[in-house]
Amino acid sequence: MKRTQVIALIFLCVIALASLFAGFIAPSYSEQFRDFISAPPSARFPLGTDELGRDRFARLLYGTRVSLLLAPAAALLSTFIAALLGGLAAYLGGYWEKAITTGIDLFLSLPWLFLLLAARAMLPLNTSPVTSVILTFLLLGCLGWATPARIIRAGTRTLLNSDFLIHARAAGISPASLFWRHLMPNLRPILLAQFWISVPVFVLSEANLGLLGLGVSEPLPSWGALLRELENYTEILHSPWMLAPVALLVIVVACLQVVLRTEDQIPC
Amino acid sequence: MLRYIAALFVTAALFFAATPSAESAGELRFCLRGDPKSFNPLLVEDEYSETLLYLTGGVLVRLNRYTQELEGELATKWRVSENGRRIDFELRPNVRFSDGTQFTCEDVAYTMRRLMDPALHAPTADSFRSAPGPVETKCNGPSSVMVRLPAPVASLAARFDQVAMISSRSPKKEAAVLGPFMVTEYKPGVEVLLRRNPNYWKHDANGRQLPYLDSVRLDIQQNRELELLRFRRGELDIVNKLDPEMYDRLSREMPHRVVDAGPSLDWEVVFFNQVASSPLPEYKKAWFRSAEFRRAIWEGVNRDDISRIVYRGHAKPAAGPVSSSNRFWINAALKPPAYSPDAALALLSRDGFHRSGDSLVDRSGHPVEFSMITNAGNKLHERTLAMIQQDLAKLGIHLNVVVLDFPSLIERISRSYNYESVLMAFTNVDLDPSDQMNIWLSSGPNHQWNPGQKTPATPWEAEVDKLMQAQAAAQNIQQRKVYFDKVQQIVAEKAPMLFLVNPDALSAVSSNLKNVTPALLRPQIYWNVERLDTSTKYVSQR
């Protein structure tokens, strides 16, 4: 492991531990200190307080716990569905490929905004904040596979025409073995790239879904909910510490990419 | 030589056209947040068409938004008789529409006929439909007209504030107006341009014809941030309906350009679902039907904090359905209940609720947990809900906050009744309580907690029905106030709606604009638009 990877790993461990032990570091993310609204950073509130007097630092730690767990989970789900469908489409070819590709195109052309609104309208009202956050990320994971599936299908097609796979096929290797032992490991860089692209996209999507009533409900914080505060851009000039969630998001995504960086190349 | 002289004339003409002069036009500019749905003054139902109606429509009587008194406009005198069924107007002589057509009593009769035509579905007509039957209008001379309704209507004269007269003879039909401005250009999604009405009848004390402004340009702009940016750059003269956050931001940069006119007539309220056929469990229906439960929630919510934190001090805790700015109709004896978790718990315990650990449970042992919905995208509502959630947690009540898109919310509260409680804003435009009939009558469609009842579900709702009908029928305004004071008292005791705050009317006004006298009633800044003037003269048009 390279030195940069070690540093990135340490960063990630610190962030993960801080969010896991948020209850000890900054006990309450929901308590409103109504005499300290929009307070600047202090010893008591290291990142100040929000407009309801809630400790921004505590909310960032708890929000990290929620988003760090659920955004990658949703990204994993969408990448898995994309790999399965995109990989199978290219591998099976013929009518299967046509059918799956048409399905992807159809999926991409659906008016998701209205479908999401309909989905929210059907959900029960008395759902706890934890359930609402799980539902939100599950929904994102189930909806975010179509674009990666196209890319994975294209990557798989390229791989299938590569010399080493032609040799493997000529050597009489079974189709299952070809798929799992030769194809999938070589798709790893594409899958990882799709996964890492999806993580911040899902974090931001969760923030935008809040506008439709689908996001994480009060009082549970998430990175998305914290990022929504940045809509008020003039306030950022007066309170630059509001940018802490953005900084943390960038650091976490960058560290994850460094730690899991692969030297593998897509053979052409 | 002739060519040189011609060139000289052209150059001179261009020079004078491009140079600001003392006679050049003054223009008022502000934004509409959407396109007006109709330019027909009789079909106004949205806020943007209403703005146009106010700027272009000539009415018989006008409610002065500042003094809250009725004033004669196209009518110099009026007299209500037959117990509120009949009104006689004496019309102002020598008034012409913008196209030069004479205004006569025939136009009043024509306007009323068109307004009351069932095929037109004019929203304003409802306020004259006190009972089935025709509305009779008769000219009693060239400048005298009588309107008789099938049944008495409270504050009959004030109803004509919303009725813009249209011409019975003008070839321009509804485009011929009697107000200070007339629509000259409309680019959908871009702007509406109004020019001064050259035949406007009003003059100032010095005999100068009004309006002072030559034009009003209404830019159609949905983005509030862009609107604010343009105001900062001096491209707009007014920003209406600022939210408290924007107001505070602007007041830091331009402290002399923001206007807080005080509490508006609007309410922020919470109400519970009391519809018998709703799909809620019976034990929850029992909670929501209990006046003690509702009153306890009202007392358990810190409205002072909501006003101070969410509205940044630009709101006033409400005591009932009448804002403190409605000076005549408010029941001054009612005070907003003080925030008191102890008093709230005492009320709840009287109703059979008790604490079990951190939770409140009812007499059957059900923990008290319910959801409260509000419309997505409204930060003020989302923050208010977060504050209510914490306040109720102190009582042991678990509140689930749900934000829904507006159509889903309306569907739940008015069709499926699949909701538990809701936080909503109600917009009021009229001072008179008759405007609230559809809310307080148990049969009313806007009797939100239990709408459209065939017979009143509770004795107090029956009492409110009687009082509202009595105040609508009474002609003595003091007697009407006695009835409506009693309604306010019952509403405060039974708490079908938990009144949270009356938000302040916040605006920003350019220093270029002269003669601004902010009022509490809409339109707060340009209610006297004919007397507004700008010191900046715009010559070239975009």
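B:Glu245 is located in helix α6 of chain B; helices (H or I, at least four residues) and strands (E, at least two) are DSSP runs numbered from the N terminus. This is a predicted model, in which local features need pLDDT of at least 70 and side-chain atom pairs count only at pLDDT 80 or more, while totals for chains, interfaces and linings use all residues. Residues are numbered from 1 along each chain as its sequence is written, and chains are lettered from A and ligands numbered from 1 in the order in which they are written.

**B:Glu245**

- B:Glu245 is partly exposed because 19 other C-beta atoms lie within 10 Å; a residue is buried at 20 or more such atoms, exposed at 12 or fewer, and partly exposed in between, with C-beta atoms placed from the backbone.
- B:Glu245 and B:Tyr311 are 66 residues apart along the chain, yet their C-alpha atoms are separated by 7.8 Å.

**Contact between the chains**

- Chain B brings 24 residues into contact with 20 residues of chain A, where contact requires C-beta atoms, placed from the backbone, within 7 Å.
- On the side of chain B that touches chain A, two or more residues come from each of α6 (244–253), α9 (303–310), β17 (369–375), α11 (379–393) and β18 (398–404) of chain B.
- α11(B) gives the most to this side, with 6 residues.
- By class, the residues on this side of chain B are 11 nonpolar, 6 polar and 7 charged; Ala, Val, Leu, Ile, Met, Phe, Trp, Tyr, Cys and Pro count as nonpolar, Asp, Glu, Lys and Arg as charged, and the others, Gly among them, as polar.

**Helix α7 of chain A**

- Helix α7(A) has 15 residues (146–160) and should span 21 Å at 1.5 Å a residue, which agrees with end C-alpha atoms 21 Å apart; the expected span is 1.5 Å times one less than the number of residues.
- The buried residues in α7(A) are A:Ala146, A:Pro148, A:Ala149, A:Ile152, A:Arg153, A:Gly155, A:Thr156 and A:Leu159.
- Their cover includes α3 (56–92), α4 (94–109), α8 (163–170) and α9 (175–209) of chain A.

**α7(A) against α9(A)**

- The axes of these two helices, α7(A) and α9(A), come within 10 Å and cross at roughly 150 degrees; axes are lines fitted to C-alpha atoms, for helices over the stretch in contact, and angles run from 0 to 180 degrees between N-to-C directions.
- The crossing of α7(A) and α9(A) is right-handed; a crossing is left-handed if the near helix is turned anticlockwise from the far one by less than a right angle, and right-handed if clockwise.
- From α7(A), A:Pro148, A:Ile151, A:Ile152, A:Gly155, A:Thr156 and A:Leu159 meet A:Leu183, A:Asn186, A:Leu187, A:Ile190 and A:Gln194 of α9(A).
- The residues of this contact are 7 nonpolar, 4 polar and no charged.

- α3(A) packs on α7(A) at an angle of about 40 degrees, with the axes 7 Å apart.
- α3(A) and α7(A) are therefore oblique to each other; angles under 35 degrees count as roughly parallel, over 145 as roughly antiparallel, 65 to 115 as roughly perpendicular and the rest as oblique.
- The α3(A)–α7(A) crossing is right-handed.
- Residues in this contact include A:Ala82, A:Gly86 and A:Ala90 of α3(A), and A:Ala149, A:Arg153 and A:Thr156 of α7(A).
- The contact of α3(A) with α7(A) divides into 10 nonpolar, 5 polar and 3 charged residues.
- Helix α1 (residues 3–20) of chain A packs on α3(A) at about 110 degrees, with the axes 8 Å apart, and the two helices are therefore roughly perpendicular.
- The crossing of α1(A) and α3(A) is left-handed.
- A:Ile15, A:Ala16, A:Ala18, A:Ser19 and A:Leu20 of α1(A) meet A:Leu61, A:Thr64, A:Arg65 and A:Leu68 of α3(A).
- The residues of that contact are 6 nonpolar, 2 polar and 1 charged.

**Backbone exceptions in chain B**

- Most residues other than glycine have a negative phi, and most peptide bonds are trans.
- B:Leu210 and B:Pro211 are joined by a cis peptide bond with omega about 0 degrees, and B:Pro211 is in the loop between β9 (191–196) and β10 (215–220) of chain B.
- The bond from B:Arg522 to B:Pro523 is also cis, with omega near -10 degrees; B:Pro523 is in the loop between β21 (513–514) and β22 (533–534) of chain B.
- B:Glu82, not a glycine, has a positive phi of about 50 degrees and lies in the loop between β4 (75–81) and β5 (86–91) of chain B.
- B:Glu82 is exposed, with 11 other C-beta atoms within 10 Å.
- B:His121 has a positive phi near 55 degrees in the loop between α3 (105–116) and β6 (136–139) of chain B.
- B:His121 is exposed, with 11 other C-beta atoms within 10 Å.

Key. Two residues are in contact if their C-beta atoms, placed from the backbone, lie within 7 Å.
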